[in-house]
Amino acid sequence: MNDITFGRYIARETPIHHLDARNKLLMMILFFVSIFLQFNLWTTNLIIGGIILLFLFVFMLIAKVSLKDLFKSLKGMWFLVLFLLIIYIFLPNSTYTHVAFSIGSYNIYWDSFYQCGYILLRLVMMLCITMILTSTTKPMDLTRGLEWGMTPLKVVRFPAHEIAMTISIALRFIPTILEETKRIMKAQESRGVDFSHGSLKNKFRAIISLIIPLFVSAIERSEELANAMEARGYDPRSKRTHFQKLQFHFIDIIGLFIVLVIFGAVLTLFIIDHNFEVVDIINVIFGVEVGI
């Protein structure tokens with residue numbers, strides 16, 4: 001449980017911490033769009049993804065988000081990566097052509113390893129973006145940013161404030177639930193429950209002994225939060241004011257400009273890649289035959 005840091009705000013004095021929450025949400029959307037643009041060649045996908053990941057690492061260093069925490073969070077993905085690799089190896093797509101090696105008459109394709117690695121790369125990039133956002137943005141600022149972004153939907157009576165508040169509370173409770181899970185696990189282990197060893201049946205019983213009190217605790221906490229909000233007169237449908245106003249500053253313009261440049265470059269390459277063959281462009285520039 002200590003390996004998961006998603007959703008935990010860390011107060012620090014960095015330029016990214018001082019960015020407007022609305023600006024950070026817009027930058028996050030631009031990065032997500034850049035990540036999911038699919039190029040024709042798998043080499044191009046890996047190169048572009050690697051460059052974006054490098055920029056995200058730089059932003060994490062600026063925001064003082066620990067890369068060590070990122071790698072700890074990735075430790076829990078090994079089973080997913082192994083599962084995907086097995087699926088892609090034993091259920092290859094008909095478009096796979098690059099044979100890595102053969103086991104008897106069965107071919108193992110390089111494309112299988114690429115698909116698995118590319119999905120892992122995307123997961124790492126998405127984790128970086130969410131860690132930067134949640135580690136540098138206060139929950140209330142994030143709520144107001146989400147509400148501001150959904151303001152146009154209020155015309156069709158969309159409950160923008162309620163949705164934004166729900167998302168914010170969910171993000172806020174992630175670290176709380178993780179701490180509660182850790183506490184319950186220690187309490188159960190002190191009573192003789194073993195979560196690491198034993199047969200599959202014993203592990204299943206151990207998990208049940210963890211899940212039931214965790215659900216009870218989560219329901220109790222949500223009820224306490226609802227009672228506290230009602231006691232303070234909270235009404236989601238009434239017009240609300242804020243003590244602190246979200247404001248764009250010069251640093252927001254700089255940050256948004258940098259992300260727009262990255263997004264514009266990726267989008268331009270995407271448009272070129274889907275209108276011209278990259279191999280033909282290389283052949284024209286260098287005057288050589290390139291086969292990929």
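Visitor: In which hand does helix 4 pass helix 5?

Guide: In this predicted model, helix 4 passes helix 5 in a right-handed crossing. Helix 4 covers residues 78-90, and its axis lies 8 Å from that of helix 5. The contact involves residues of helix 4 including Leu 80, Leu 84 and Tyr 88, and residues of helix 5 including Phe 113, Cys 116 and Leu 120.

Visitor: Why are helix 4 and helix 5 called roughly antiparallel?

Guide: The two helices pack at an angle of about 150°. Angles over 145 degrees count as roughly antiparallel, and helix 4 and helix 5 are therefore given that description.

Visitor: What makes helix 6 and helix 7 roughly antiparallel?

Guide: The axes of helix 6 (residues 139-149) and helix 7 (residues 160-190) cross at roughly 150°. The limit is again over 145 degrees, and therefore helix 6 and helix 7 are roughly antiparallel to each other. Their axes come within 8 Å, and helix 6 passes helix 7 in a right-handed crossing. Among the residues that meet are Leu 142 and Leu 146 in helix 6, and Ala 164 and Leu 171 in helix 7.

Visitor: How many aromatic pairs does a search of the whole structure find?

Guide: The search finds three.

Visitor: Why is the pair of Phe 31 and Phe 59 called edge-to-face?

Guide: Their ring centres are 5.9 Å apart, and a pair requires centres within 6.5 Å. Their planes stand at 70°, and over 60 degrees counts as edge-to-face, so the pair receives that name. Phe 31 belongs to helix 1 and Phe 59 to helix 2, 28 residues apart, and the pair links distant parts of the chain. Both Phe 31 and Phe 59 are buried.

Visitor: What makes the pair of Tyr 114 and Tyr 118 stacked?

Guide: The centres of these rings are 5.7 Å apart and the planes meet at 15°; under 30 degrees counts as stacked, so the pair is stacked. Tyr 114 and Tyr 118 are four residues apart in helix 5 (residues 110-136), a separation of about one helical turn. Tyr 114 and Tyr 118 are buried.

Visitor: How do you know that the charged end of Arg 22 sits over the ring of Trp 148?

Guide: That charged end is 5.2 Å from the ring centre.

Visitor: Why is Ser 34 called buried?

Guide: The relative accessible area of Ser 34 is 4%, and buried means under 20%, so Ser 34 is buried. Ser 34 lies in helix 1. Leaving aside neighbours within four places in sequence, Ser 34 is in contact with Ile 52, Phe 263 and Val 266.

Methods:
Residues numbered from 1 in each chain as written. Predicted model: local features only at pLDDT ≥ 70, side-chain atom pairs only at ≥ 80, totals over all residues. Heavy atoms only, no water. Phe/Tyr/Trp six-rings, centres within 6.5 Å; stacked < 30°, edge-to-face > 60°. Buried < 20%, exposed > 50% of the residue type's maximum accessible area, 1.4 Å probe, protein only. Lys NZ or Arg CZ within 6 Å of the ring centre and 35° of its normal. Axes fitted to C-alpha atoms, helices over the stretch in contact; angles between N-to-C directions. Parallel < 35°, antiparallel > 145°, perpendicular 65-115°, else oblique. Left-handed = near helix turned anticlockwise from the far one by under 90°. Contact = heavy atoms within 4.5 Å.
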